[in-house]
Amino acid sequence: MLPPFFTGVALLLGLNQVQTALAFIECSVLDYGAVADNSTDLGPALTAAWQECVIPQVTTTVATDVLLYVPAGNYLLASTVTFDGAENWNLHIAGDIYLPFNPDLTGTMLTFENCENILLNGPGAIFGNGYRYRPDGDLTLYPSRPRLIRFQTCNNCGITQVYLYDAPMFHVTIIVTHPTSNVAHDMAIIASHIGETDGFDMSGNNNYVHDVSVEVSNECVTVKTPTNGFVAERITCKWTAGKLGCNIGSFGSGATGVDVQNVYYSDVTISNSDAGVMIKSYPNCQGTVKNITYTGFTLDAAAYPIYISAFWEGGTDDTGTLEISDVTFDNFVGTGTPTRPGVLLDCNKATPCESIAFTDISLTDTVADTFTNACGTGLSGLEAC
Ligand SMILES: *[C@@H]1O[C@H](CO)[C@@H](O)[C@H](O)[C@H]1NC(C)=O
Ligand SMILES: *[C@@H]1O[C@H](CO)[C@@H](O)[C@H](O)[C@H]1NC(C)=O
């Protein structure tokens with residue numbers, strides 16, 4: 001058998017051309033215990049191939065020079081895997097990976113932690129079998145059911161061209177607390193329409209999501225705290241009856257130190273969802289949400305097309321200091337629903353929403369806009385600040 005670093009491109013070109021070809025090193029999980037029989041656990045093979053083959057052979061900063069490779073075939077991922085301290089390599093999934101139904105399975109199936117310059121790409125898929133963890137839509141039976149993919153404290157990482165189906169819980173979480181720039185692009189997430197199946201949950205600085213399609217019954221591409229600089233472009237969120245939308249938050253009851261700034265969403269299509277865009281908090285939150293732009297939205301029957309809510313899960317203790325300011329909604333077209341306002345600003349009396357600007361809002365099939373404790377420009381009935 002050829003050593004792993006002679007496979008891949010080298011095999012195709014012939015060994016005599018290895019010196020000149022753009023050879024990459026390929027660490028196949030099949031050489032480390034994986035079996036494409038959809039019943040042998042892929043988890044230990046991923047860990048072994050990473051430790052024994054990938055780590056020793058990473059010599060450049062080109063992620064695609066060293067592949068942790070899952071070839072075509074069907075695999076069962078029955079245990080969670082954490083790549084901690086990963087740098088400069090590529091998890092290349094060509095196969096189809098299935099999650100079992102296991103009530104004891106919890107955590108995140110694939111976690112990249114403290115990582116730098118990692119690429120996760122397809123053309124393969126991960127099938128979460130989430131519907132089996134939510135029988136008849138019951139979200140309470142397995143509250144610790146697994147999530148799919150998490151990048152925790154990572155810089156310059158990417159995820160692309162991998163299909164994610166029906167995670168038991170959230171699909172992709174990118175969470176960081178320091179300067180970073182991770183990107184998710186050109187991929188699709190599809191889940192059963194049951195709930196608690198967020199598409200992309202993003203925090204950190206300068207993350208970028210573009211050209212993705214998300215069909216889940218919860219958040220589509222959502223910004224969490226802390227975030228300073230975030231761009232989402234060419235996003236499709238579709239066909240659900242859940243709380244889906246391109247949201248900021250939610251910030252839970254009593255959240256302090258909320259810090260979300262310089263966020264830009266552009267070219268987004270949302271159909272049949274509860275929310276178009278929503279900034280969700282409780283009346284006792286503290287912190288800053290500032291300089292947010294939403295532009296180029298097409299909505300189809302969004303229950304709440306534009307909604308800022310300081311009371312999104314109730315609460316009346318109106319003492320918060322969460323400052324929501326400089327939020328621009330530009331170029332929104334499409335339909336809401338005939339019983340709810342197109343624009344609903346329900347802000348905190350103690351700390352009103354300031355400088356909320358509207359341009360080119362053309363939403364039909366809605367009732368009159370409602371503004372409470374908010375000021376800004378561009379819509380009739382909205383007080384100037
Ligand atoms: C692989 O196993 C999973 C979980 O047991 C199952 O849901 C899936 O249908 C299987 N895939 C194939 C292609 O047989
Ligand atoms: C507002 O955020 C955008 C990114 O969306 C950024 O380009 C711009 O510089 C920010 N403006 C201020 C005043 O910080």
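**Cysteines and ligand 2**

Mentor: Start with Cys 157, which counts as buried at 3% relative accessibility. Keep in mind that this is a predicted model.

Trainee: Which cysteine does Cys 115 form a disulfide with?
Mentor: The sulfur atoms of that pair are 2.0 Å apart, and the link is right-handed, with 95° about the S-S bond. The pair links distant parts of the chain, 39 residues apart, from strand E8 (residues 108–121) to strand E10 (residues 147–155). Cys 115 is buried at a relative accessible area of 2%. The partner is Cys 154.

Trainee: Is Cys 246 buried or exposed?
Mentor: Cys 246 is in no disulfide, and the nearest cysteine sulfur, that of Cys 237, is 4.0 Å away. Buried means under 20% relative accessible area. Cys 246 has a relative accessible area of 0%, so Cys 246 is buried.

Trainee: What is the handedness of the link of Cys 220 and Cys 237?
Mentor: Cys 220 and Cys 237 form a disulfide with sulfur atoms 2.1 Å apart. Both cysteines are buried. The angle about the S-S bond is -85°, and the link is left-handed.

Trainee: How many disulfides does a search of the whole structure find?
Mentor: One of them joins Cys 347 to Cys 353, with an S to S distance of 2.0 Å. With bonded cysteines counted along the chain, the pattern is 1-2, 3-4, 5-6, 7-8, 9-10. The search finds 5.

Trainee: Which strand gives the most to the shell around ligand 2?
Mentor: Ligand 2 is surrounded by Asn 262, Val 263, Tyr 264 and Asn 291. By class, the shell has 2 nonpolar, 2 polar and no charged residues. The strand that gives the most, with 3 residues, spans residues 258–271 and is E17.

Trainee: What is the distance from an oxygen atom of ligand 2 to an N or O atom in the side chain of Asn 291?
Mentor: A polar side-chain atom of Asn 262 lies 3.5 Å from an oxygen atom of ligand 2. For the side chain of Asn 291, the distance from an N or O atom to a ligand 2 oxygen is 2.4 Å.

Technical notes: Residues are numbered from 1 along each chain as its sequence is written. Chains are lettered from A and ligands numbered from 1 in the order in which they are written. This is a predicted model: local features need pLDDT of at least 70, side-chain atom pairs count only at pLDDT 80 or more; totals for chains, interfaces and linings use all residues. Side-chain values use heavy atoms; hydrogens and water are left out. A residue is near a molecule or strand if one of its heavy atoms lies within 4 Å of it. A polar contact is a pair of N or O atoms within 3.5 Å; within protein, one must be able to donate a hydrogen and the other to accept it, and residues adjacent in sequence count only if both atoms are side-chain atoms. Helices (H or I, at least four residues) and strands (E, at least two) are DSSP runs, numbered from the N terminus. Ala, Val, Leu, Ile, Met, Phe, Trp, Tyr, Cys and Pro count as nonpolar, Asp, Glu, Lys and Arg as charged, and the others, Gly among them, as polar. A disulfide is a pair of cysteine sulfur atoms within 2.5 Å. Buried means under 20% relative accessible area, exposed over 50%, partly exposed in between (1.4 Å probe, protein chains only).
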